[in-house]
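Thanks for coming. I will go through one chain today, from the overall layout down to a few residues.

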Amino acid sequence: FVTDVEPSIIKENLTRMAEETAPFRLMLNGVNYFEGEINTAYVDINNHEPIMSLRTSISTCLQSLTETRLEERVNSEQYYAHVTIGTNIPASLFPAIRENLSKLKVRLMVRADTVALASIGEGGKSRIEFLFKLVG
């Protein structure tokens with residue numbers, strides 16, 4: 001999301017959205033992978049509905065701040081809710097990491113009650129800018 005909207009206005013709108021959104025539970029279940037240009041290991045989320053609803057609320061909130069259409073990847077139906085545990089894994093290490101992670105049996109219910117807004121700076125490094133408590 002790239003915009004010329006003041007960060008304070010974005011923060012104010014996302015704070016309001018978070019205050020209207022109740023915390024929810026997610027069932028984490030199993031380690032999986034995205035293989036390809038950016039090898040990634042992640043934990044699957046069994047119940048995608050609450051996170052997809054939150055994602056829609058965030059997209060709607062951000063879209064309301066700009067006349068510019070959000071990038072397609074932000075609004076894409078192809079989004080897959082997950083918890084990333086490793087990304088940009090070198091191809092030479094990927095098979096060993098995959099084998100080691102396959103031994104983990106992840107099954108955990110977690111409470112989602114905070115949303116982080118991050119920025120991507122130089123070198124592609126992300127930095128958390130704001131945290132928003134879900135109150136609902």
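Among contacts in the chain between residues at least 6 apart in sequence, what percentage join residues at least 24 apart? The figure is 65%. Keep in mind that this is a predicted model.

Confidence comes next. The chain has a mean pLDDT of 86, with 89% of its residues at 70 or more. Strand S4, residues 107-112, has the highest confidence, a mean of 95, while helix H3, residues 72-75, has the lowest, at 48. Where pLDDT is low, the predicted coordinates should not be read in detail.

Now the layout. There are four helices and six strands in the chain. Going along the sequence, the pattern reads α-β-β-α-α-β-α-β-β-β. Of the 136 residues in the chain, 32% are buried.

On to the sheet. In what order do the four strands of the open sheet come? The order is S3-S2-S1-S4, and the pairing is antiparallel. S3 and S4 are the edge strands, each of them pairing on one side only. From one strand to the next, the twist averages 35°.

Take the S1 and S4 pair in particular. These strands run antiparallel and are joined by six bridges. Asn29 has Arg107, in S4, as its bridge partner.

Helix H4 lies across S1, S2 and S3, and it runs at about 135° to S1.

Is Ala41 buried or exposed? Ala41 has a relative accessible area of 1%, and the cut-off for buried is under 20%, so Ala41 is buried. Apart from neighbours within four places in sequence, Ala41 is in contact with Asn32, Tyr33, Thr84, Ile85, Gly86, Ile89 and Leu101.

Next, the aromatic residues. Searching the whole structure gives five aromatic pairs. One of them is Phe34 with Tyr80: the ring centres are 6.2 Å apart and the planes are at 85°, so this pair is edge-to-face. Phe34 belongs to strand S1, and Tyr80 to the loop between H3 and strand S3, so the pair ties together parts that are 46 residues apart in sequence. How accessible are the two? Phe34 is partly exposed, at a relative accessible area of 31%, and Tyr80 is partly exposed too, at 32%.

Another pair is Phe130 with Phe132. Why is this pair called tilted? The ring planes are at 55°, with the centres 6.2 Å apart, so the pair falls in the tilted class. Phe130 has 21% relative accessibility and counts as partly exposed, whereas Phe132, at 5%, counts as buried. Back at the other pair, Phe34 and Tyr80 also belong to one aromatic cluster with Tyr42.

Now two residues in loops. Where is Thr21? Thr21 sits in the loop between helix H1, residues 7-19, and strand S1, residues 24-34. Its relative accessibility is 15%, and because buried means under 20%, Thr21 counts as buried. A polar atom of the Thr21 side chain lies 2.8 Å from the backbone oxygen of Met17. Setting aside neighbours within four places in sequence, the contacts of Thr21 are Leu54, Leu134, Val135 and Gly136.

Asn88 is exposed, at 52% relative accessibility. What is the phi of Asn88? It is positive, about 55°, although Asn88 is not a glycine. For background, most residues other than glycine have a negative phi.

To recap, the sheet is open and antiparallel, with four strands in the order S3-S2-S1-S4, and H4 lies across S1, S2 and S3. The part to treat with care is helix H3, where the mean confidence is 48. That is the end of my part.

Technical notes:
Residues are numbered from 1 along each chain as its sequence is written. This is a predicted model: local features need pLDDT of at least 70, side-chain atom pairs count only at pLDDT 80 or more; totals for chains, interfaces and linings use all residues. Side-chain values use heavy atoms; hydrogens and water are left out. Buried means under 20% relative accessible area, exposed over 50%, partly exposed in between (1.4 Å probe, protein chains only). A polar contact is a pair of N or O atoms within 3.5 Å; within protein, one must be able to donate a hydrogen and the other to accept it, and residues adjacent in sequence count only if both atoms are side-chain atoms. Contact means heavy atoms within 4.5 Å. pLDDT is the predictor's confidence in each residue, from 0 to 100. Rings of Phe, Tyr and Trp (its six-membered ring) pair if their centres lie within 6.5 Å; planes under 30 degrees apart count as stacked, over 60 as edge-to-face and the rest as tilted. Two strands pair if DSSP finds at least two bridges between them. Axes are lines fitted to C-alpha atoms, for helices over the stretch in contact, and angles run from 0 to 180 degrees between N-to-C directions.
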